[in-house]
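Subject: Structure handover

Hello,

I am passing this structure on to you.

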Amino acid sequence: MSLWVDQFRPKTLDDLHYHESLSARLKSLAASGDFPHMLFYGPSGAGKKTRISCTLRQLFGTGVEKLKIDQRVFLSPSKRKLEVNIVQSNFHIEITPSEAGNFDRVVIQELLKEIAQTQQVDLNAKQRFKVVIINEADSLSRDAQAALRRTMEKYMSNMRIILCANSTSRLIAPIKSRCLLMRVAAPTSDEMHQVLAHIAKKKKFDLPPEIAQEIIDDSGGNLRKAILVFEALKMQSPDFSGSLTIAKPDWETYCHKVADLIIQEQSPARVMEVRAKFYELLSHCIPPTVILKTVAERVVDRVDEALKPDIMHWAAIYEVRMRQGNKKIYHLEAWVVKVMSIYKHFFYDIDMGAFD
Amino acid sequence: MASFFNIQHSKPAPKHSVDPALQPWVEKYRPKTIDDVSAQEHTIAVLQKTLTSTNLPHMLFYGPPGTGKTSTILALSRQLFGPDNFRNRVLELNASDERGISIVREKIKNFARQTPRAQAVASDGKTYPCPPYKIIILDEADSMTQDAQGALRRIMETYARITRFCLVCNYVTRIIEPLASRCSKFRFTPLDSASTSARLSQIATAEHIPLDPSVISTLISISSGDLRRSITYLQSASRLSASTSPPTPITALDIQEIAGVVPDAIIADFARALGVESTTEYMDVDDGQRGVKGFERVKKKVKGLMREGYSASQILSQLHDHLIPHPTVTARQKSECALAFAEADKALCDGADEELWILEVGLRVHKAVSS
């Protein structure tokens, strides 16, 4: 039995619940035969991937659902072997170049040229071109993006590229200007209500509206998260009776604990304690940016209004440094110390002007 | 070197040729001769002279994207050599080709040292100047490594008799000085609105799409001198409008949506949350947050913006455009805001978290304006 998220994932463009105008647009583009390169962007859990797979189905028919997973080996310029997983059907190929780390340019160049220079062999195929889906396009290196530029123009006859990204800020302008931009916004709470009600109907039970509201508030616009939580609740108590609490992920409660520690006491000993907790989180593969954001948000909730902008300011500063630097823990810790000092000075009313 | 041109010429089988209807307009309407190139009168005048004298220096084309650098050199070499000789006289390398030092040493050097082949008889009956040298086009040369550029230095001089180089790049500062000094430089300026609009209406007439003047002005303002961008947007918009039934005319709003521009009303609303009163009256949306002041309000607005999926850099630049000409904000406040924008832009370039930085900018603007 598959998860609800997969089970109720819309298969065709008509099944999609929200952003009707976007779906209609995709449908007409797929039908017109004049299909451009595309860039889907939006927050996670808004339905980018679902829309892409629906569009593919509209383009090529059910054949795209026959997937196979390949592992390809590429050679980096220094003859190191890079292994990249590739999901493909007869009509499309899906890659996540960020798997190759710094050598994503090699993967892009090799793979795209190979696909671009071969024609569609299947005579029954609906379209003459193949589609290449590039996931996490915003984490492509500058080099790899530059490599895409001319390829996108030159091989337009054999290949279309669909990029999937969280934001367009990190993509270079030449790429953006070559794609049709498709913004997939997060669903509104009414739209999420609809989706949850639809699932409940399919599963033949009633969903009390107040529970639905609670799930939606918790998810913050992430439909995938909402459906997962919904399924978990259903497992907990099949008739939604009794007191239901949406279980927060462990790391989130852990982050909140860290925030509380920071506010309770500001001392070197406490910093050591916090550091141990940070190490614990990092070793469980929680991205440092997420840690910083979650802790910062919690801290901000619990301090005086005057302190809030400062704390967020330093969080932003240290987040950038974290990206540029190598050791994440230094910057997390530096932020904690900074927050503690701001907090303490605020209470003992010491002028901080000289330290800014 | 399967360039766009020899796809058509080298593979005569009809099923291989690109259907012109499906071609991107950027390729379809690429200028065929250098006279067709929009704007850039100065550069074109100089190049016209070289066409008659058939003596070409090494060249370095630089300028912002979409100003016709690649088009110019392609058109020029086509005019010099004609379609038949184009294939063995021109080598085009761009960033999608491997261009490390080894390629410079092998591929470029080998091509450069070949004596140009005898002129093939032009099949279309025209006569071409076909001077006795080859052209190597290094497109997007600013993404070549320093080492690779260094390796080019001597090659350029040694084979200058039979080979001319044309470097095309966006940032002339990324080309090492010894290379730049060997070339005659041509600067390509962003297109003025008159030539952009002339070009766009020309394409629109050729494609039989009705085009409103307001659409053209939106295209011009969004693309800011980048002709390729405005043509791509026009094509996307016409695709969308043609695919609905019945076909609807293109509106300025369509163009904005395609370009990923945040609607002005949303920016004005965000600015209002930051304490910048809007000057033009938009529909006053009272979302029940009037009471919530300061931090919480800004935070909520930022969360909302992020959920809509707008790109942070776009929000920044539009907020900047909204704020800078604002009549009631004082110069001092504006400069403080500008500082915040600049820092955020740098951070976003470094790949920082978007939500944090938009929030940071929001809070700093809020603080600056309310102080």
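The notes below go through domains, helix pairs and a salt bridge.

Please keep in mind that this is a predicted model.

Domains of chain A

The domain assignment divides chain A into domain 1 (4-183), domain 2 (189-236) and domain 3 (250-355). Between domain 1 of chain A and domain 3 of chain A, the C-alpha centres are 38 Å apart.

Helix pairs in chain A

The crossing of α8(A) past α9(A) is right-handed. On the α8(A) side the contact is made by A:I211, A:I215, A:D218 and A:S219, and on the α9(A) side by A:K225, A:A226, A:V229, A:F230 and A:L233. Sorted by class, the residues of this contact are 6 nonpolar, 1 polar and 2 charged.

The other pair is helix α11 (residues 268-283) of chain A with helix α12 (residues 288-301) of chain A, which pack at an angle of about 135° with axes 10 Å apart. That angle makes α11(A) oblique to α12(A), and α11(A) passes α12(A) in a right-handed crossing. From α11(A), the residues A:F278, A:L281 and A:L282 meet A:P288, A:I291 and A:V295 of α12(A). This contact of α11(A) with α12(A) has 6 nonpolar residues, with no polar and no charged ones.

A helix pair in chain B

In chain B, the axes of helix α14 (residues 312-323) and helix α16 (residues 354-370) come within 10 Å and cross at roughly 15°. α14(B) is therefore roughly parallel to α16(B), since angles under 35 degrees are counted that way. The crossing of α14(B) past α16(B) is left-handed. α14(B) contributes B:A312, B:I315, B:L316, B:L319 and B:L323 to the contact, while α16(B) contributes B:E354, B:I358, B:V361 and B:V365. The class count for the contact of α14(B) with α16(B) is 8 nonpolar, no polar and 1 charged.

Salt bridges

How many salt bridges does a search of the whole structure find over all chains? There are 31. In general, side chains of opposite charge can pair when their charged atoms come close. One salt bridge joins B:E308 and A:R183, with the closest N and O atoms 3.4 Å apart. This pair crosses between chains: B:E308 is in helix α13 (residues 294-308) of chain B, and A:R183 is in strand β7 (residues 180-183) of chain A.

Regards

Technical notes
Residues numbered from 1 in each chain as written. Chains lettered and ligands numbered in written order. Predicted model: local features only at pLDDT ≥ 70, side-chain atom pairs only at ≥ 80, totals over all residues. Heavy atoms only, no water. Axes fitted to C-alpha atoms, helices over the stretch in contact; angles between N-to-C directions. Helix = DSSP H or I, 4+ residues; strand = E, 2+ residues; numbered from the N terminus. Parallel < 35°, antiparallel > 145°, perpendicular 65-115°, else oblique. Left-handed = near helix turned anticlockwise from the far one by under 90°. Contact = heavy atoms within 4.5 Å. Nonpolar A, V, L, I, M, F, W, Y, C, P; charged D, E, K, R; others polar. Domains from an automatic or database assignment. Salt bridge = Lys/Arg side-chain N within 4 Å of Asp/Glu carboxyl O.
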